[in-house]
Amino acid sequence: MGEWRSLCRADEVPDGAGRTVEVDGTRLAVLRDGGSVVVLFDRCPHAGGSLGSGWIEEGEVLCPLHRWRFRLRDGRCTTMPGHSAHVVESRVADGEVQARLG
Ligand code: FES
């Protein structure tokens, strides 16, 4: 099942964008779209771009390297169907973004 790990405070994640957090050597992209926070592996399946350095448009995060788009709700790539970003189970508890890892 994995354990819940705190990544950062929710108010440290800019709306419409994100940040990258490293936990036990795993880089995670924490992204905010209005009131919802999503956690993805911080590695674009195209060429490894940092999704935590991307930005959000219409419920999708854009990779900063070549602008492939990934749906936040399921990680599916809408630019190149068949690719996807890995979504990590997450929650906000007491103002902290937490992800289930391991
Ligand atoms: S590395 Fe993300 S679109 Fe190319």
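**The open sheet and its surroundings**

Modeller: Take pairs of residues in contact (heavy atoms within 4.5 Å). Among contacts in the protein between residues at least 6 apart in sequence, 36% link residues at least 24 apart. This is a predicted model, in which local features need pLDDT of at least 70, side-chain atom pairs count only at pLDDT 80 or more, and totals for chains, interfaces and linings use all residues. Residues are numbered from 1 along each chain as its sequence is written, and side-chain values use heavy atoms, with hydrogens and water left out.

Now the background. The protein has 10 strands and zero helices. Both are DSSP runs, numbered from the N terminus: strands are E, at least two residues, and helices are H or I, at least four residues. Read from the N terminus, the order is β-β-β-β-β-β-β-β-β-β.

What about overall size? The radius of gyration, taken over C-alpha atoms, is 12 Å. A compact globule of 102 residues would have a value near 13 Å, so the two agree. The globule rule is 2.2 Å times the number of residues to the power 0.38. Along the principal axes, the C-alpha atoms fill a box of roughly 35 × 25 × 20 Å.

Next, the surface. Buried residues, those under 20% relative accessible area with a 1.4 Å probe and protein chains only, make up 40% of the 102.

Four strands make an open sheet, in the order β2-β3-β4-β8, with antiparallel pairing. Strands β2 (18-23) and β8 (87-88) are at the edges; each has a single partner strand, so one side of each lacks a neighbour in the sheet. Two strands count as paired if DSSP finds at least two bridges between them. Strands of a sheet pair through backbone hydrogen bonds, either parallel or antiparallel.

Look at β2 and β3. Six bridges join these antiparallel strands. V23 stands opposite T26 in β3. The two strands form a hairpin, with two residues between them. D24 sits in that turn and has a positive phi of about 50°. Most residues other than glycine have a negative phi. D24 is not a glycine. D24 is also exposed, at 64% relative accessibility; the cut-off for that word is over 50%.

Follow β3 to D33. This residue belongs to β3 (residues 26-33). D33 is partly exposed, with a relative accessible area of 31%, a value between the two cut-offs. D33 touches D15, I56, G59 and L72, leaving out residues up to four places away in sequence. V13 is 20 residues from D33 along the chain, and their C-alpha atoms are separated by 9.7 Å.

Beyond β4 comes D42. D42 lies in the loop between β4 (36-41) and β5 (55-57). Is D42 buried or exposed? D42 counts as buried, because its relative accessibility is 5%. Setting aside neighbours within four places in sequence, D42 is in contact with T20, R27, L28, A29, G49, S50, L51 and G52. T20 falls within the range of β2 (18-23). R27, L28 and A29 fall within the range of β3 (residues 26-33).

E58, in the loop between β5 and β6 (60-62), has a phi of about 50° and is not a glycine. E58 counts as exposed, at 77% relative accessibility. D94 has a positive phi near 50° too, in the hairpin of β9 and β10, which has two residues between the strands. Four bridges join β9 (residues 90-93) to β10 (residues 96-101), and the two run antiparallel. In that pair, V92 stands opposite V97 in β10.
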